[in-house]
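Subject: Structure for your review

Dear colleague,

Please find below the structure that I am handing over to you. My notes on what was found in it follow.

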Amino acid sequence: MDDTTTLSLADPLGNAREATAEMLRSRDHGYSLPQPFYNDERLFQIDMQEIFQKEWLIAGMTCEIPAKGNFISVQVGNSPVIVVRGAEGRIFAFHNVCRHRGSRLCVSDKGKVAKLVCPYHQWTYELDGRLLFAGTEMGTDFSLADHSLKPVQVKAAGGYIFISLAEEPPAIDEFLRTLEHYMEPYDMENTKVAVQSTLLEKANWKLVIENNRECYHCGGSHPELLNTLLEWDDVTDPRASQAFKEQVAACTTRWEADNIPYAHASFGLRNRIVRMPLLAGTVSMTIDGTQGCKKLMGRINDPDLGSMRILHLPHSWNHCMGDHMIVFTVWPVGPQETLVTTKWLVNKDAVEGVDYDPQNLRRVWDATNDQDRILAEENQRGINSSAYQPGPYSQTYEFGVINFLDWYSERMLNNLGEQSAHLREVSSAG
């Protein structure tokens, strides 16, 4: 990256979007990104506008809103969003913003309501977003129909709830159909969140994802995780041993007999699903590798299902085992602050203290998440130095990071191009 581009991006009068696009077009695909991508406020705002407000995000799980009136809320940058279960089981998503004076409607992370009522002036909305009551103070000419909640695109598949703030989000239906198929054995409507954690990491969201996309660091950083996790997730990985390939062959024979999906499925660089064995002799991501929940999920009879790994860019990775599953989501807060949310899900009928111990379920990933937090924060501190320049990735050990940044660059350039085209149209119309 040359000094001219750096100054252009840092200059408050410069064109940050053009500078961003130019840095992405000229970057070396085998190297980390130029410094501003990890610590510049203006580039962070572009990330939020062109990635997090346009791509599909995982807002939560359908089991978190099991009945009419149940809701969850999430924060996408400056945009609060509410997801609610309406009549006949339908799921709705709205901007969590009252149409009166803009106050948030739902101020808690989750709950259950009969109607959506603004706490400020009691404007009342139906669960499908229609304004029902605004008081006589608004006058006889006031139209309730003109002041419904602003909708957010929402889709549900395989127990996951996806939202997009874009009017026309990217195509995702093919992946969702595949996800539905792979999640069928888990009977996700009959699961529950057993325990949840939220960790604030003082690092850019891309550093959090980059760290997750490689296990180059695992041997020196994650002793608890490596009690059960095998570092590679494909028999074609050049590091994969013959013993691993034989273990995969034996496991897939069992999984086929039980009609458990396992084959590698990819959808560009954004989404992938693959089931891989855990370390031989272990069946779950617990500290000793034994079952974390006695009651298995859905129709599963064999606890030794390895881990089905699900990737959803820009912000989620998942591990699905026979006894429980773990859902991770990443939420950018600022240029150097990121929230990482982890949810451990079990069979809805599993009894805490009898079938599972929440502390035992979370022990491995609590340790791993905190270790990753330290790694990401130290990575951020080094990148902030005037000495930082993009460094090379290993094609063998860090190909997942390269894939992530290739996806990020492609989506940013595509979305920035759409934005530029829109501005040109507006300018011409004016």
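**The nonpolar cores**

In the largest nonpolar core, which has 64 residues, those that touch the most other members are Val76, Val83, Ile163, Trp205, Trp365, Phe404 and Tyr408. A nonpolar core here is a set of buried Ala, Val, Leu, Ile, Met, Phe, Trp, Tyr and Cys residues joined through side-chain atoms within 4.5 Å. Buried means under 20% relative accessible area, exposed means over 50%, and partly exposed lies in between (1.4 Å probe, protein chains only). Helix H10 (residues 399-429) gives this core its largest share, 8 residues. The core lies between domain 1 (57-164) and domain 2 (187-384), because both give residues to it. Apart from it lies another core, of 32 residues, including Ala157, Met183, Met297 and Met325. In soluble globular proteins, nonpolar side chains tend to be buried together.

Please note that this is a predicted model, in which local features need pLDDT of at least 70 and side-chain atom pairs count only at pLDDT 80 or more, while totals for chains, interfaces and linings use all residues. Residues are numbered from 1 along each chain as its sequence is written, and side-chain values use heavy atoms, with hydrogens and water left out.

Not counting residues up to four places away in sequence, tyrosine 408 touches Leu24, Leu33, Phe37, Leu43, Asp47, Ile51, Trp205 and Lys206; contact means heavy atoms within 4.5 Å. Helices (H or I, at least four residues) and strands (E, at least two) are DSSP runs, numbered from the N terminus. In helix H4 (residues 41-52), the buried residues are Leu43, Phe44, Ile46, Asp47, Met48, Glu50, Ile51 and Phe52. At the start of H4, the backbone nitrogen of arginine 42 has a side-chain oxygen of aspartate 40 within 2.9 Å.

**The two domains**

The domain assignment, which is automatic or from a database, gives domain 1 (57-164) and domain 2 (187-384). Their C-alpha centres are 31 Å apart, and the contact takes 16 residues from domain 1 and 19 residues from domain 2.

An unreviewed UniProt entry annotates residues 56-163 as "domain: Rieske". UniProt positions are given in the numbering used here, feature names are shortened, and annotations may be inferred rather than shown by experiment. The span 56-163 is 0% helix and 40% strand, and its end C-alpha atoms lie 5 Å apart.

Strand E1 (residues 57-61) has 5 of its 5 residues buried. E1 pairs with strand E10 (residues 160-164) in the antiparallel sense over 4 bridges; two strands pair if DSSP finds at least two bridges between them. Leucine 57 stands opposite isoleucine 163 in E10.

Glutamate 377 is in helix H9 (residues 358-383). Glutamate 377 counts as buried because its relative accessible area is 8%. Leaving aside neighbours within four places in sequence, glutamate 377 is in contact with Leu200, Glu201, Lys202 and Ala203.

**Backbone exceptions**

Most residues other than glycine have a negative phi, and most peptide bonds are trans. The peptide bond from leucine 313 to proline 314 is cis, with omega near 20 degrees. Proline 314 is in the loop between strand E14 (307-312) and strand E15 (316-320).

Glutamine 122, which is not a glycine, has a positive phi of about 65 degrees. Glutamine 122 counts as partly exposed, at 39% relative accessibility. Asparagine 259 also has a positive phi, near 55 degrees, and counts as exposed at 53% relative accessibility.

With kind regards

Technical notes:
A polar contact is a pair of N or O atoms within 3.5 Å; within protein, one must be able to donate a hydrogen and the other to accept it, and residues adjacent in sequence count only if both atoms are side-chain atoms.
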